[in-house]
Amino acid sequence: MRFLHISDTHLGYRQYGLLEREQDFLDVFNEAIDIAINKNVDFIIHTGDFFHTSRPSNKTIIDSINLLKKLSDKNISMFCIPGNHDRGNSVKDISPLQILENFGLKLINSGVKEFNGIDIIGVKYIPKTALRKLNGLKVALEKLLEKSKQDYKILMLHQEFYPYFLDSKLMLDEEIPIEYNYTGIGHYHIAEEPIKRDNNSYIVHIGSTEFTAYNKNEENKSKFVALVDINLDKTDIRYIELKKRRRFLYRFLDDNNIDEELDRLNNEIEKINDTSDKKPIVILKGEFKKLSQDNVLKLLKEKNIDVDNGRILYLKNMFIFPSNSLDYKGEIFKSEDEIIKNCLTEYLKEDLELKDKLLDLINTLKSFDDLDTVKVYLKENPEVIENLIK
Ligand SMILES: [Mn+2]
């Protein structure tokens with residue numbers, strides 16, 4: 001028996017407001033599906049955040065139906081749990097994943113589904129407040145074990161575990177019963193080496209399929225899916241790198257390194273453009289004590305680090321200059337999404353769940369055409385606001 005583990009595909013995410021980025025998330029999801037087909041897997045597990053929001057656009061829904069159709073043509077089932085992004089939390093509505101159940105998606109909110117002699121067990125994303133009431137995951141996971149009849153058990157989770165999330169109280173070894181042979185965990189967007197436990201069971205954080213800036217230092221990390229072979233009780237895991245994801249180049253600049261760093265950056269941009277049809281995204285951070293804004297912007301132009309020359313898809317500069325950082329007239333953030341997200345992250349760093357809820361709500365409101373429609377919507381759906389502080 002063979003399966004593919006995919007996570008956090010965030011379909012429909014128009015990062016930086018760019019249509020190209022929306023397409024990137026679809027491209028790489030397609031690549032993952034093609035790997036599943038080419039490697040003749042029996043099924044796929046998707047550990048949450050299939051969609052980027054609970055209100056995917058009509059186009060995104062059609063894209064997702066086409067992905068599932070490719071799989072059903074080859075008789076491959078996809079098992080999935082709702083993540084924090086697509087569980088349908090801030091509006092009184094079901095998850096968009098329930099639409100996909102009509103197109104073959106095997107959605108598990110909390111339960112056991114048997115497939116050809118193995119059990120696939122899933123628990124949808126549980127927010128922090130509910131986790132506290134449950135006193136962690138362990139009791140729920142043990143109850144699900146009682147319902148499982150097959151020897152080989154696959155568990156799908158979408159949660160924050162320590163130390164991947166430093167302020168989390170969930171410890172892998174304490175929360176996850178060792179009887180689960182393969183535990184796939186979504187939510188953390190960076191791929192980590194599989195953790196092998198004493199009885200040869202595994203815990204796998206496979207990470208997202210594209211860069212979303214959800215986790216720190218995600219920029220330069222490669223993206224993967226896991227191909228897993230089960231032979232009796234033996235589990236063999238291979239990570240396969242996703243080639244279609246867009247490359248991000250991240251640099252920290254200062255007065256001393258800027259010349260050298262920009263030359264190196266230039267070489268790398270060149271290399272990427274030679275080997276890929278996807279232009280890279282460049283993120284520059286910098287703190288300058290001697291160089292002025294004019295100096296730095298001139299240097300960037302001289303060294304060809306410029307969106308207008310067609311070598312870069314998007315350039316994000318976050319610079320601080322000595323006199324007054326507010327003097328900086330460059331485009332620190334190009335899209336309002338980024339501005340909103342950064343403000344909320346700053347103000348609500350003590351309550352990231354509220355931040356996520358607000359972002360989700362803003363995304364929903366942005367889908368309305370004008371302010372009057374927004375007002376009517378809020379009036380008719382007061383729970384949208386109530387849910388924020390529940
Ligand atoms: Mn995610």
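Visitor: In what order do the strands of the open sheet of 3 strands run?
Guide: In this predicted model, the order is 13-14-15, and the pairing is parallel.

Visitor: Which strands stand at the edges?
Guide: Strand 13, residues 248–253, and strand 15, residues 314–320, hold those positions. Each has a single partner strand, so one side of each is left without a neighbour in the sheet.

Visitor: And how do strands pair in general?
Guide: Strands of a sheet pair through backbone hydrogen bonds, in either a parallel or an antiparallel manner.

Visitor: How many bridges are there between strand 14 and strand 15?
Guide: Strand 14, which covers residues 281–287, pairs with strand 15 over 7 bridges in the parallel sense. Within strand 15, Lys-316 is the bridge partner of Ile-283.

Visitor: Let us turn to helix 2. How many residues has it, and what is its reach?
Guide: Helix 2 spans residues 58–73, which gives 16 residues. From its first C-alpha to its last it reaches 23 Å, close to the 22 Å expected at 1.5 Å a residue.

Visitor: Which of the residues in helix 2 are buried?
Guide: They are Thr-60, Ile-61, Asp-63, Ser-64, Leu-67, Leu-68 and Leu-71. Seen down the axis of helix 2, the buried residues fall within an arc of 160°, so they line one face of the helix.

Visitor: What covers them?
Guide: The cover for the buried residues of helix 2 includes helix 1 (19–38), strand 2 (43–46), strand 3 (77–80) and helix 3 (97–101).

Visitor: What does the face turned away from the buried side carry?
Guide: That face of helix 2 carries the exposed residues Asn-58, Ile-62 and Asp-73. Just after helix 2, Asn-75 takes a positive phi of about 65°.

Visitor: Now the metal. Which residues are the protein donors of the manganese ion?
Guide: The donors are Asp-8 (OD), His-10 (NE2), Asp-49 (OD) and His-189 (NE2), at 2.1 to 2.3 Å from the ion. Asp-8 lies in the loop between strand 1 (2–6) and helix 1, whereas His-189 lies in the loop between strand 8 (182–186) and strand 9 (195–196). The pair is 181 residues apart and links distant parts of the chain.

Visitor: Are Asp-8 and His-189 buried or exposed?
Guide: Both Asp-8 and His-189 are buried.

Visitor: Where is Arg-14 found, then?
Guide: Arg-14 is in the loop between strand 1 and helix 1. Its relative accessibility is 40%, so Arg-14 counts as partly exposed.

How values were computed
Residues are numbered from 1 along each chain as its sequence is written. This is a predicted model: local features need pLDDT of at least 70, side-chain atom pairs count only at pLDDT 80 or more; totals for chains, interfaces and linings use all residues. Side-chain values use heavy atoms; hydrogens and water are left out. Two strands pair if DSSP finds at least two bridges between them. Helices (H or I, at least four residues) and strands (E, at least two) are DSSP runs, numbered from the N terminus. The expected span of a helix is 1.5 Å times one less than its number of residues. Buried means under 20% relative accessible area, exposed over 50%, partly exposed in between (1.4 Å probe, protein chains only). The arc is that of the directions from the helix axis to the C-beta atoms. Contact means heavy atoms within 4.5 Å. Donors are N, O and S atoms within 2.8 Å of the metal (3.2 Å for Na, K and Ca); water is not among the atoms, so sites may look incomplete.
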